[in-house]
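Me: I'm new to this structure and would like to learn how to read a few of its features. Could you walk me through them?

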Amino acid sequence: MTTGSGTASAPPEATPPAEASAAARPAAETPASARPPAARRASYRRLSVEARRAELLTAALGLFAHRAPEDVSLDDVALAAGASRPLVYRYFPGGKQQLYEAALRSAADELELCFEEPRSGPLSGRLSRVLDRYLAFVDEHDAGFSALLQSGSVVETSRTNAIVDEVRRAAAEEILRHLAVKEPGARLRMMVRTWITAVEAASLIWLDEEKQPPVEELRDWLVDQFVAMLTATATTDPQAARVMRAALIMEPAEGLVGRLARRVVPALGEASHLL
């Protein structure tokens, strides 16, 4: 039987014969050191197929988050999940490649959720909350995030690349919905997708710079970048100009955009000779 993704479903877990016979013997006849590993684990639990699969994915994602995919083995995943290598293969018969793609899909779903935000209140506040969640994900999955976006992994395929690109597109679509335009034009769409790329690049550099500056400063700087890019686009695109005017009306004077304006205006005064 296959799942919706085409992955073979694992059969219900059964107690291996060796474990069954060991369980039938009195404890005195079976020294603890001679019992199978599963019998020695006090925390061993019978789980449903979906629960066990989720447990293996969680263990794999935890490992991929802090180590490059090529540095993680199925034995590592089995150990982290308190399972056996054959059990990992039972749920992921395609081996490490299938497990990595499944873990990546799980991470992508979590990353996409970072961009979901109620469409109310100042735009800068919404972007700030989105970035707070996104950067928290980057912080938690630092090594895995770097390996994912910088590519070069031995387990990288067209499918893994498609999953990553899907996250980018979903993030851009969510941001465009916050701009409240039914049919965003090419320039506005390009501006938002370029900003998403800038957020990714800044996140990678932030990790490379040992997470400096502080994450709050990085977040505010990325919001400033969005406002600056939207402003530049608005000078040549009527749709972007309408979006910018509507967004600015809702911004408080003491908010991020107000503070940015007060920093920019004096700087532009130095360019008066260009007018």
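Reply: Happy to! Let's begin with a term we will need: a residue counts as buried when its relative accessible area is under 20%. Keep in mind, too, that this is a predicted model.

Me: Is F64 buried or exposed, then?

Reply: F64 has 7% relative accessibility, so F64 counts as buried. Y100 is buried as well, with a relative accessible area of 8%.

Me: How do I read a pair of aromatic rings?

Reply: A pair of aromatic rings is described by the distance of the centres and the angle of the planes. A search of the whole structure finds three aromatic pairs. One of them joins F64 and Y100 edge-to-face, at 5.1 Å centre to centre and 80° between the planes. Here F64 sits in helix α3 and Y100 in helix α6, 36 residues apart, and the pair links distant parts of the chain.

Me: Why is the pair of F115 and Y134 edge-to-face?

Reply: Their planes meet at 65°, with the ring centres 5.6 Å apart, so this pair is edge-to-face. F115 lies in the loop between α6 and α7, while Y134 belongs to helix α7. F115 is buried at 5% relative accessibility, and Y134 is buried at 4%.

Me: And how do I read two packed helices?

Reply: Two packed helices are described by the angle between their axes and the distance between the axes. Helices α11 and α13 pack at about 70°, with axes 10 Å apart. They are therefore roughly perpendicular to each other.

Me: Which residues of α11 and α13 meet?

Reply: D220, V223, D224 and V227 in α11 meet L256, V257, L260 and R263 in α13. By class, this contact has five nonpolar, three charged and no polar residues.

Key: Residues numbered from 1 in each chain as written. Predicted model: local features only at pLDDT ≥ 70, side-chain atom pairs only at ≥ 80, totals over all residues. Heavy atoms only, no water. Axes fitted to C-alpha atoms, helices over the stretch in contact; angles between N-to-C directions. Helix = DSSP H or I, 4+ residues; strand = E, 2+ residues; numbered from the N terminus. Parallel < 35°, antiparallel > 145°, perpendicular 65-115°, else oblique. Contact = heavy atoms within 4.5 Å. Nonpolar A, V, L, I, M, F, W, Y, C, P; charged D, E, K, R; others polar. Phe/Tyr/Trp six-rings, centres within 6.5 Å; stacked < 30°, edge-to-face > 60°. Buried < 20%, exposed > 50% of the residue type's maximum accessible area, 1.4 Å probe, protein only.
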